[in-house]
Amino acid sequence: MTITITTSNLNGIRAARRKGMLDWSKDHIPDIWCMQEVRAPQSEIDPIFDAVRTQYVQSGKAAAPEDVGTLNEVCRIKGRAGVGMLSDLPVTAMRYGLPGLEEDVDSGRWIEADVTTPEGYGLTVVCVYMHAGKADDEIKMAQKFRFLNTMPVRLAQLRDEAARGGRQAVLCGDFNIAHTPKDIKNAKSNEKSAGFLPEERAYIDTWLKDYEFVDVMRDLAGDIQGPYTWWSQRGRAFDNNTGWRIDYQFATPELAQTAQGFVIDKAPSYDTRWSDHAPLSITYGV
């Protein structure tokens with residue numbers, strides 16, 4: 001069996017819908033869809049999720065809308081963050097929030113779903129939206145580093161469960177960090193920019209080395225420049241492909257070894273994109 005997992009920063013689910021998100025999803029329904037920057041109240045998320053659930057039925061991935069599992073967490077600060085997930089695989093458990101963080105600004109950034117394939121393969125899917133930070137704003141950078149410093153406890157738990165033969169895990173989302181110069185078009189000029197600071201990039205080094213997670217897309221793509229997943233709205237960044245790779249799927253080794261391919265679905269033109277990020281989809285042969 002293969003499953004496809006997509007992660008996409010929506011840059012606001014209401015705006016994404018207006019700009020054509022549902023036209024895209026009609027032809028690209030994944031088995032699991034992780035969303036970040038939903039940025040909407042529950043009352044406006046529900047009807048859009050219902051529309052996507054109907055698409056799951058129309059695509060043949062689900063027999064009825066209620067067979068599509070959904071979960072989301074709205075940020076407690078209005079108009080900020082927010083993460084969501086849909087799955088055509090049975091969801092057996094849901095968890096909300098990164099354990100250890102209780103501040104409003106840290107809400108709507110971390111949800112987990114335990115899913116199981118028909119063959120009994122167990123998987124924990126984590127949807128993450130990392131603080132962006134701002135290099136000249138001490139408060140914003142403190143928020144980002146607080147989140148980064150809290151993550152290792154949960155990463156260790158996920159790693160250890162997978163190593164014992166339990167559920168494998170994959171962390172999907174917008175981490176707002178370009179890991180290496182291969183992941184950003186203009187590395188030199190961004191060395192002092194949030195998202196490419198050496199101290200930020202070192203966290204990903206630790207996830208890969210000490211916690212044994214695999215950067216699945218990079219593993220599949222190899223040692224090439226890019227491909228990128230985000231382009232600034234300013235200037236001609238999109239047209240010139242002056243991008244950053246900040247959207248990832250970090251998987252435990254057993255799951256990562258089953259990865260068969262990836263797609264970054266960059267829109268054909270600036271005016272046809274429904275977010276400043278492109279969806280990243282990876283197919284796993286579980």
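Which residue in S4 does Asn72 stand opposite? Keep that question in mind while you open the structure, which is a predicted model. We will come back to Asn72 on the way.

**Stop 1: the annotated site**

Select Tyr129, Asp174 and His277, which UniProt lists under "active site" in an unreviewed entry. These residues are spread over 149 residues of sequence, yet they cluster in space, with a largest C-alpha distance of 12.8 Å. Tyr129, Asp174 and His277 also belong to the lining of the largest pocket.

Now select Tyr129 by itself. You will find Tyr129 in strand S7, which covers residues 122-129. Is Tyr129 buried or exposed? Its relative accessibility is 9%, so Tyr129 counts as buried, the cut-off being under 20%. Show its surroundings next: leaving out residues up to four places away in sequence, Tyr129 touches Asn9, Gln36, Glu37, Ala81, Val83, Arg109, Asp174 and Asn176.

Asp174 sits in strand S8, residues 168-174. With a relative accessible area of 1%, Asp174 is buried. Setting aside neighbours within four places in sequence, the contacts of Asp174 include Asn9, Gln36, Tyr129 and His277. Zoom in on Asn9 and you can trace a polar contact of 2.9 Å between its side chain and the side chain of Asp174.

**Stop 2: the open sheet**

Switch to a cartoon view and look for an open sheet of 6 strands in the order S3-S4-S2-S1-S14-S13, with mixed pairing. Strand S3 (69-73) and strand S13 (259-264) are the edge strands, each pairing on one side only. On average, neighbouring strands in this sheet are turned by 10° against each other, direction ignored.

What holds paired strands together? Strands of a sheet pair through backbone hydrogen bonds, and the pairing may be parallel or antiparallel. This sheet lets you look at both kinds.

For the parallel kind, select strand S1 (residues 3-9) and strand S2 (residues 32-36), which pair over 5 bridges. Highlight Thr7 and find Cys34, its bridge partner in S2.

For the antiparallel kind, select S3 and strand S4 (residues 83-87), which also pair over 5 bridges. Here is the answer to the opening question: Asn72 stands opposite Gly84 in S4. Although S3 is an edge strand, 4 of its 5 residues are buried, so S3 is largely enclosed by the rest of the structure.

**Stop 3: Thr6 in strand S1**

Go back to strand S1 and pick Thr6. How buried is Thr6? Its relative accessible area is 0%, so Thr6 counts as buried. Display the residues that Thr6 touches, not counting those up to four places away in sequence: Trp24, Pro30, Ile32, Trp33, Cys34, Gln249, Pro279, Leu280 and Ser281. You have already selected Cys34, the bridge partner of Thr7.

**Stop 4: Asp215 and Arg245**

Finally, select Asp215 in strand S9, residues 214-215. Asp215 is buried, with a relative accessible area of 6%. Which side chain does Asp215 join in a polar contact of 2.6 Å? The partner is Arg245. Beyond residues up to four places away in sequence, Asp215 touches Leu208, Arg245, Tyr248, Gln249 and Phe250.

Technical notes
Residues numbered from 1 in each chain as written. Predicted model: local features only at pLDDT ≥ 70, side-chain atom pairs only at ≥ 80, totals over all residues. Heavy atoms only, no water. UniProt positions renumbered as here; feature names shortened; annotations may be inferred. 1 Å grid on protein atoms, 1.4 Å probe; cavity = no way out; pocket = protein on both sides within 12 Å on 5 of 7 lines; lining within 4 Å. Helix = DSSP H or I, 4+ residues; strand = E, 2+ residues; numbered from the N terminus. Buried < 20%, exposed > 50% of the residue type's maximum accessible area, 1.4 Å probe, protein only. Contact = heavy atoms within 4.5 Å. Polar contact = N/O pair within 3.5 Å; in protein donor to acceptor, adjacent residues only side chain to side chain. Pairing = 2+ DSSP bridges. Axes fitted to C-alpha atoms, helices over the stretch in contact; angles between N-to-C directions.
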